[in-house]
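Subject: Structure handover

Hello,

Here is the structure I said I would pass on.

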Amino acid sequence: MAIQMAGIDHENAPIDIRTVFSFTKKSMAEALESLCQVKGIKGCVMISTCNRTELYLSTDEEFEGDIYKLLCGIRGLPDSLDFRSYFRFRQERETVHHLFRLAAGLESRILGDDQIVTQVKDALGFAREHYAADHVLETLFRMAVTAAKKVKTRGELSSTDQSAVGAAIQTLKKDGYSFAGKRCMVIGNGVMGKLAATELRRQGADVTVTVRQYRSGVVEIPPECSRIDYGRRMELFGDCDYVLSATVSPNYTLTRELVETYRGRMTAQKDSVILDDAGKEQLPADSAGSVSFRPIVLIDLAVPRDIEPSVAELDGVRLYDIDCFREEAVSEAQKQAIADAELLFEEQMEEFFNWYQCLDVVPKIQKIKEQVASDLEKRLTRQLRSLPVSKPEKEALDKEIEAAAERTMNKLLFGLRDCVSDTAFRECIEGLEKLYG
């Protein structure tokens, strides 16, 4: 068995390059299914967030596939486009160490990111749902999540809100912006959108969240927030001081054309109002009027982008994207927390590799445990027959004896593994195989 990964992230690739390799849940499911069909791949897990896309593989030792080419094939990219220089490739211990650091937020744009451990856990769950995670990656990811949670409880990695939303708000404050009493619209009611709306309310802003009505029923929004249908978002746009967009849509939620069309309507409304036969307002086709629009700050926390970059060229518009927000400074307390985390990682990694390096003897151990249980049952057959118990009770007792024998052997064998060298342990297993063969 072998473990390897390939990843593209915020450290070495801008948004537009990361977007090429970003995955929706649907496309990720298709990718995992495709990868599982590749000869030599035993398991795969993919992490795709705003800041990174990483593919982890568990393979045969002889596997010589190119992960980068596999990803390009899945995305349908022609050979003429070469993004390999943006990727980082890791194997075995380096892969494991990176995943541990990643889950704890040490590889995040925001040091100690609170969301990444959940994203790592969800990535495993998604791979499991699609029958893509084998027992190696299952164990590795579970141990990485466990280590990350221990790091969170042992030390404070960040003195600020450990999320992209918190970093965005802190950055805007440093740039002279305030939120108390300001009107904000949050486009998107997913995890990031709800987090943004909640934090903006906490800052004292008047927050409206866009929602889409689905057949599933009522859509929940954060407390003390108003709602507006996504299709009517431009009706509120001109009254906003801030618009934050955080969706998983592959399409823009705000385009330059949409904003310019809205501004054209506002200009026309100011210049002339005409009523149709039904008494409803009708905008003229041509108007030379002009309107002074209030300044607005647009915040795009999505990958792929939610807001078309050229919107920033319009008068009165300031656009921030997710690459504008990061935590650069590392205090002495943070450095110590990172050092403590690395010590914990070493312990956890040692535990993982002790298990990983014994994978080839696990089937042998299982067979020995079964044979010991069978041997014990045979030795107790006479005694069991003489017991005044019913047949169902006898069957239940047989199962309990078998389970107890396997638990005892499990404790003995894996306890032995921790007390002797790998060579000595394997010799013991071979001896027991001959004894019970």
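Please keep in mind that this is a predicted model.

Salt bridges

The structure holds 24 salt bridges. Here are some of them.

E138 pairs with R128, and their closest N and O atoms lie 2.6 Å apart. Is E138 buried or exposed? E138 counts as buried because its relative accessibility is 16%, and the cut-off for buried is under 20%. R128, at 42% relative accessibility, counts as partly exposed.

A salt bridge also joins the side chains of R232 and E235, with 3.0 Å from N to O. R232 has a relative accessible area of 45%, so R232 is partly exposed. E235 has 53% and is exposed, the cut-off for exposed being over 50%.

R256 and E260 form a further salt bridge, with 3.2 Å between the closest N and O atoms. Both residues are in helix α10 (residues 256–271), and because they are four residues apart, about one helical turn separates them. R256 is partly exposed, at 24% relative accessible area. E260 is also partly exposed, at 38%.

The model has an open sheet of six strands, paired in parallel, in the order β7-β6-β5-β8-β11-β12. Which strands stand at the edges? They are β7 (226–229) and β12 (317–321); each has a single partner strand, so one side of each is left without a neighbour in the sheet. On average, and ignoring direction, neighbouring strands of this sheet are turned by 20° against each other.

Within the sheet, strands β8 (residues 242–245) and β11 (residues 296–300) run parallel and are joined by four bridges. S245 stands opposite D300 in β11. Helix α8 (residues 191–202) packs on the sheet, where it touches β5 (183–187), β6 (206–211) and β8. The direction of helix α8 makes about 170° with that of β5.

If you want a place to start, look at E138 with R128 for the salt bridges, and at helix α8 on the sheet for the packing.

Regards

Terms used:
Residues numbered from 1 in each chain as written. Predicted model: local features only at pLDDT ≥ 70, side-chain atom pairs only at ≥ 80, totals over all residues. Heavy atoms only, no water. Salt bridge = Lys/Arg side-chain N within 4 Å of Asp/Glu carboxyl O. Buried < 20%, exposed > 50% of the residue type's maximum accessible area, 1.4 Å probe, protein only. Helix = DSSP H or I, 4+ residues; strand = E, 2+ residues; numbered from the N terminus. Pairing = 2+ DSSP bridges. Axes fitted to C-alpha atoms, helices over the stretch in contact; angles between N-to-C directions. Contact = heavy atoms within 4.5 Å.
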